[in-house]
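Subject: Structure handover

Dear colleague,

I am passing on the structure for you to look through. Please open it first, and then read the notes that follow.

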Amino acid sequence: MKNYLITILLSCLLFQTSAQKTIRDKHITNQQERMVFKQWDRNKFTPTSGFLGLNPEYWLTWAWHPDYPKKDLRPLGPVGPQTQRLAFAAAMQNTANAYKLHSDTLRNTALTEASNYSAVFSEIDPLWQLYYRHELEPLLDQSDNALLNGIAQKEKDYLLRTGVYDWYRTEAAAIRERLEAAQGSTLDRGSRIIAYHRLFLEYRKIQASWEAKKQYARKFLSLSGTANKMKTREDPIVQDQGYRTDRQIANDILAKSKL
């Protein structure tokens, strides 16, 4: 008996399933298409009013909200909420991109200014690396003990005695100190390069003066030694070939005038 009831129940279910069919209501279909993607067509608002507006289905359907067909309520319509949301989202995205571009510009400007002013980047400045570092390297690596290398002992004594050595060492140390201050200070890159150039010109000037003073010292000591020898008569004056006294020259002139 139990199996018989189960069989009857299954048969009823299969009959109902096979008896079902798809119901297509054009009114519902029109409304779905209208709200989702198609044009808000007032001619497709069914049921219609019919002949002389006597269709009772029309009045039962649209009499309760007569303004509904007149308003485009599509979310993606020209003024629909979804369209407005997408427009606002696009506008906000453009604003965000503009703010990001502005902030990136400010960041890049700040980094550029920091690299221009910060003393951290002074050592890697291209102009310093390519030119001024090589030109001022003797000053930066200068050793006081090496200043008098290659100079005769008499010249060393003369430079030390006259104060020329102390003068050059003091001037070079002052320029080196100012150069290190220019490298270690928070300064505009243009001002730092101008400071490099001014210090380079000053260094080149005192370097030329130092070389000239060494040459003058050599010449002075040589002339002083010669003068001392002449005064003390340590070495006899040797007459060069063709040397003539004043009397010999006068006699030659008189002899030629008689001719």
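A residue is called buried here when its relative accessible area is under 20%. By that criterion, in what is a predicted model, buried residues make up 17% of the 259 residues in the protein chain. The protein chain exposes about 20300 Å², of which carbon and sulfur atoms supply 59%.

The protein chain has 10 helices and zero strands, and of its contacts with a separation of 6 or more, 62% are between residues 24 or more positions apart.

The largest nonpolar core has 24 residues, and those touching the most other members are Leu 136, Leu 159, Tyr 168, Tyr 196, Tyr 203 and Trp 210. At least two residues of this core come from each of the helices H5 (126–135), H7 (153–162), H8 (164–184) and H9 (189–232), with H9 giving the largest share, eight residues. Beyond its neighbours within four places in sequence, Tyr 196 is in contact with residues including Trp 128, Tyr 132, Leu 136 and Leu 179.

The residue I would ask you to look at is Arg 192, which is found in helix H9. Arg 192 is buried yet has no salt bridge, and the nearest side chain of opposite charge, Asp 125, is 6.3 Å away. The side chain of Arg 192 does, however, reach the backbone oxygen of Ala 182 at 3.1 Å, and a polar atom of that side chain lies 3.2 Å from the backbone oxygen of Leu 187.

Best regards

Conventions. Residues are numbered from 1 along each chain as its sequence is written. This is a predicted model: local features need pLDDT of at least 70, side-chain atom pairs count only at pLDDT 80 or more; totals for chains, interfaces and linings use all residues. Side-chain values use heavy atoms; hydrogens and water are left out. A nonpolar core is a set of buried Ala, Val, Leu, Ile, Met, Phe, Trp, Tyr and Cys residues joined through side-chain atoms within 4.5 Å. Buried means under 20% relative accessible area, exposed over 50%, partly exposed in between (1.4 Å probe, protein chains only). Helices (H or I, at least four residues) and strands (E, at least two) are DSSP runs, numbered from the N terminus. Contact means heavy atoms within 4.5 Å. Lys and Arg count as positive and Asp and Glu as negative; His and the chain ends are not counted. A salt bridge is a side-chain nitrogen of Lys or Arg within 4 Å of a carboxyl oxygen of Asp or Glu. A polar contact is a pair of N or O atoms within 3.5 Å; within protein, one must be able to donate a hydrogen and the other to accept it, and residues adjacent in sequence count only if both atoms are side-chain atoms. Accessible areas come from the Shrake-Rupley method with a 1.4 Å probe; for residues, only the protein chains shown count as cover.
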